[in-house]
Amino acid sequence: MRQLNWLRLISGLSLALLVIPVFLLLYAGFGPLKDPMGYSYQVFLSVELTLISSAIAAAVSVVLFTPLAYYFARNKNSIGETLSDIPASIPHPIVGVAILVIASPLTPFGKFLISIGINLFDSILGLIIALTIVSAPIYVKSMQPFFQSMNIAHENYALGLGASKFRTFISVVLPNSGRGILSALLISMSRAMSEFGSIAIVAYYVLQQPFYGVNPAPVLIFQYYTYYGLGAAVTASAVMILVSIAMMILLRLVKH
Amino acid sequence: MIEAEVKKKLGSFTLEARVSDDNFVCLTGKNGSGKTTLLNLIGGILTPDEGHITLNSKTITNLPIETRRVSIITPDSCIPHLNVDDHMVWGAKNKGLKIEHDYITEIKTSLGIEFDGKVRKLSLGMRERVALATSLISKPELMLVDEALSNIDNRRDFIDAFKSLAAKAKIDVIFTTQYPEDSSEADHHYQLESGKSTRLF
């Protein structure tokens with residue numbers, strides 16, 4: 001008699017807990033609760049805005065935070081690592097409030113921004129900044145183990161050949177980190193796409209072309225639920241889930 | 001001339017070793033005797049708890065790796081994404097050294113580098129040859145070769161050629177080996193046992 005694989009059974013049940021609500025939502029959104037509003041042109045624009053702003057935020061994370069991830073991988077710095085986790089640990093509306101305060105006339109920096117015509121409230125720039133702040137810790141946490149797994153012998157060899165630590169990072173580490181960076185970028189982008197709390201404060205809608213009056217997708221779904229009820233929200237959610245699943249498949253393809 | 005008198009405690013293992021010689025130095029010892037630890041201390045990967053290290057009369061004990069003019073070569077040492085020719089001049093270019101094409105050809109011929117392609121796709125033995133050649137061309141004052149001769153065929157001929165090239169460039173070498181017979185190629189031989197060094201000749 002075949003023995004029951006308890007580990008597989010428990011894992012399957014845990015996976016089901018995560019997955020069943022998502023697939024029920026897909027079924028409801030394209031089935032019994034289908035509402036044409038859920039796949040209207042407005043939803044398409046919202047998804048487009050979310051995809052583009054999340055991609056830019058992820059790209060900004062790559063440029064600004066790859067050196068930090070490498071530094072943490074090669075230097076034990078508990079305080080630094082804890083500080084870098086803060087934006088991911090605090091309630092995200094606080095991130096939104098912080099951005100608005102910093103960019104407001106209440107602070108010297110805010111006055112300076114306003115004087116040079118930069119506004120972060122209800123703007124694409126504000127949206128991207130909020131998404132970058134909340135998704136950058138995920139990027140750093142994804143890249144750090146990748147860098148830690150890289151063979152340090154390559155770096156020590158380069159340093160022994162007289163290369164500076166910066167030159168070693170640029171010329172030895174980065175050229176061999178493409179797959180890791182792409183994988184972490186997609187994870188960070190997925191995180192940014194699901195963000196709600198901070199962008200509901202900073203950019204509930206965007207008042208700039210080409211997305212004038214468009215809500216980011218998570219905000220639109222919330223708005224549909226608040227104004228129109230479950231049907232429109234569920235269908236729009238199902239559309240967003242399909243986009244997210246496509247991202248996950250892309251991530252798997254990159255990893256393998 | 002390398003003068004290293006160092007003490008380092010790592011967990012329950014304590015290294016207390018002394019190396020004071022130049023030219024071609026062989027370091028032997030069983031697994032776990034402290035060979036790699038000693039080379040890592042001289043190379044700057046580890047910092048000694050006590051002691052000092054001088055290279056050609058310059059104290060390098062607490063200098064970062066990149067300023068010691070000490071090259072560290074292990075079986076994993078390479079810059080994987082470069083091709084062979086770019087790899088070989090990479091270190092020299094970093095230092096702004098002008099290297100004659102004839103010198104590169106001499107090194108390639110002497111060390112049996114008759115192949116090209118991306119270094120990451122080479123066999124272990126080929127990679128070790130390229131890593132050693134790259135280090136020679138970059139003209140360090142000392143090369144630390146930690147088991148990086150282990151995958152090279154025709155090892156005796158290779159060691160002869162390598163020793164000759166290092167001597168010509170006035171580069172001191174400390175190499176570790178699992179093969180006791182390799183010590184006959186050396187000018188000096190140290191043996192490590194349980195973290196303690198003994199100079200045999």
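This note goes through a predicted model of chains A and B, point by point.

1. Conventions. Residues are numbered from 1 along each chain as its sequence is written, while chains are lettered from A and ligands numbered from 1 in the order in which they are written. Because the model is predicted, local features need pLDDT of at least 70 and side-chain atom pairs count only at pLDDT 80 or more, whereas totals for chains, interfaces and linings use all residues.

2. Overall make-up of chain A. Chain A has 12 helices and zero strands; helices here (H or I, at least four residues) and strands (E, at least two) are DSSP runs, numbered from the N terminus. The C-alpha atoms of chain A fill a box of roughly 80 × 65 × 30 Å along the principal axes. Of its 256 residues, 36% count as buried. A residue is buried if 20 or more other C-beta atoms lie within 10 Å of its own, exposed if 12 or fewer, and partly exposed in between, with C-beta atoms placed from the backbone. Two residues are in contact if their C-beta atoms, placed from the backbone, lie within 7 Å. Among contacts in chain A between residues at least 6 apart in sequence, 79% join residues at least 24 apart.

3. An open helix in chain A. Helix α5(A), residues 108–115, lies largely in the open, because the number buried among its eight residues is zero. G117(A) follows α5(A) and has a positive phi, near 80 degrees.

4. S237(A). This residue is found in helix α12 of chain A, residues 230–255. Why is S237(A) classed as buried? The reason is that 24 other C-beta atoms lie within 10 Å of S237(A). Leaving out residues up to four places away in sequence, S237(A) touches L25(A), G29(A) and I221(A). The C-alpha atoms of S237(A) and L25(A) are separated by 7.6 Å, although the two residues are 212 apart along the chain.

5. Contact between the chains. On the chain A side 17 residues are in contact with 23 residues of chain B. Helices α7 (152–160) and α8 (165–173) of chain A each supply at least two residues of that side, and α7(A) has the largest share, seven residues. The chain A side divides into eight nonpolar, seven polar and two charged residues. Here Ala, Val, Leu, Ile, Met, Phe, Trp, Tyr, Cys and Pro count as nonpolar, Asp, Glu, Lys and Arg as charged, and the others, Gly among them, as polar.

6. Strand β8(B). This strand, residues 172–176 of chain B, is largely enclosed by the rest of the structure, because five of its five residues are buried. D172(B), I174(B) and T176(B) point one way, and V173(B) and F175(B) the other way. Strand β3(B), residues 24–29, pairs with β8(B) in the parallel sense over four bridges; pairing requires that DSSP finds at least two bridges between the strands. The bridge partner of C26(B) in β8(B) is F175(B). Strand β7(B), residues 142–146, also runs parallel to β8(B), joined by five bridges, and L142(B) has D172(B) as its bridge partner there.

7. The core. The largest nonpolar core has 120 residues, and A130(A), V130(B) and L144(B) have the most contacts inside it. Such a core is a set of buried Ala, Val, Leu, Ile, Met, Phe, Trp, Tyr and Cys residues joined through C-beta atoms within 7 Å. L144(B) touches, among others, L39(B), I72(B) and I174(B), residues up to four places away in sequence not being counted.
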